[in-house]
Amino acid sequence: MPSTDASAKATTAPAPTVDAGAAAGTDLGPVEDSGTDCEDTLELRLPDAFLALIAGEATDADAEPDSEESRAQFSAVAPGRDDLLDGVADWGPVNTPVGVFHLVPVHAERDLPLLGRWMNDPAVAEFWELAGPQNRTEDHVRSQLSGDGRSVSCLGMLDGTAMSYWEIYRADLDPVARHYPARPHDTGIHLLIGAAADRGRGLGSALLRAVADLTLDKRPACSRVIAEPDLRNIASVSAFLSAGFRFSAEIDLPEKRAALMVRDRSLRDVL
């Protein structure tokens with residue numbers, strides 16, 4: 001996952017940034033839910049997929065497994081080594097209050113120039129920290145594309161126009177799981193809205209809600225969607241709250257102090 005809060009511009013307020021990061025000083029206490037249905041509890045059992053990934057990483061990551069048994073295990077865990085998220089590429093378009101939205105996996109050669117321009121927007125760069133020569137964005141994106149399927153990079157297409165960048169990731173298999181009580185199949189979201197004209201008018205909240213609900217629909221084993229926006233990014237935290245996420249905790253990540261935001265399956269029709 002990126003070292004920055006990868007949610008750089010999902011806003012409902014005309015604040016300068018909309019990274020999945022958020023903001024200190026926001027009174028998030030009332031959003032905390034004390035009900036037992038969504039209480040954050042520590043899962044002590046490692047997910048089977050994680051154990052299988054560890055086994056797979058003991059071999060050369062670029063080599064095919066040698067034995068028939070290891071090849072079978074490898075295929076069961078990471079078919080094509082590209083998606084542990086129930087086939088994001090096949091999730092399809094959804095209707096939202098702001099238009100028809102579709103997550104389309106990134107194609108590096110086609111999409112890097114656009115992503116590079118977005119990353120050099122000062123409002124995005126403040127949280128993603130990928131401004132500069134295109135190779136900085138390229139290195140980050142290619143690391144996502146060449147990974148083991150724990151994270152899928154997508155363009156967000158609204159009514160056929162690319163307007164946002166998303167990373168849908170297995171939070172339970174990500175280093176972030178060391179910093180909060182992760183549950184098996186927790187799914188994380190990172191987002192940035194590309195064009196300044198698309199920020200500050202509610203698109204971020206509408207799309208975050210749509211993608212969180214899409215994730216829950218397409219991933220039946222996933223009981224909640226999480227995000228870890230930077231506490232400095234008030235606009236992003238506000239967008240997550242408006243999208244039906246609740247503030248769960250402040251967590252210290254290596255690169256930031258973050259707001260742990262959670263959208264529970266059990267509360268999706270309430271919040």
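**Salt bridges and cores**

Me: How does R110 count at 49% relative accessibility?
Reply: R110 counts as partly exposed at that value, since exposed would require over 50%. The model is a predicted one.

Me: And which residue does R110 form a salt bridge with?
Reply: The partner of R110 is D111, and their closest N and O atoms are 2.7 Å apart. D111 is buried, with a relative accessible area of 4%.

Me: How many salt bridges does the structure hold?
Reply: There are 17. One of them joins R170 and D172 at 2.8 Å, N to O. R170 counts as buried at 2% relative accessibility, and D172 counts as buried at 7%.

Me: What does the pair D121 and R199 tie together?
Reply: The salt bridge between D121 and R199 has its closest N and O atoms 2.9 Å apart. D121 lies in the loop between α3 (108–119) and α4 (122–128), and R199 in the loop between β5 and α6, so the pair ties together parts 78 residues apart in sequence.

Me: Which residues are linked in a network of salt bridges?
Reply: D213, D217, R263 and R268 are linked in that way.

Me: Changing topic: which residues have the most contacts inside the largest nonpolar core?
Reply: They are F101, L103, W166 and I189, in a core of 34 residues. The largest share of this core, 7 residues, comes from α6. A second, separate core has 13 residues, including V106 and L115.

Me: Where does V100 lie?
Reply: V100 lies in strand β2, residues 99–105, and is partly exposed at 36% relative accessible area. The C-alpha atoms of V100 and D159 are separated by 5.1 Å, although the two residues are 59 apart along the chain.

Notes:
Residues are numbered from 1 along each chain as its sequence is written. This is a predicted model: local features need pLDDT of at least 70, side-chain atom pairs count only at pLDDT 80 or more; totals for chains, interfaces and linings use all residues. Side-chain values use heavy atoms; hydrogens and water are left out. Helices (H or I, at least four residues) and strands (E, at least two) are DSSP runs, numbered from the N terminus. Buried means under 20% relative accessible area, exposed over 50%, partly exposed in between (1.4 Å probe, protein chains only). A nonpolar core is a set of buried Ala, Val, Leu, Ile, Met, Phe, Trp, Tyr and Cys residues joined through side-chain atoms within 4.5 Å. A salt bridge is a side-chain nitrogen of Lys or Arg within 4 Å of a carboxyl oxygen of Asp or Glu.
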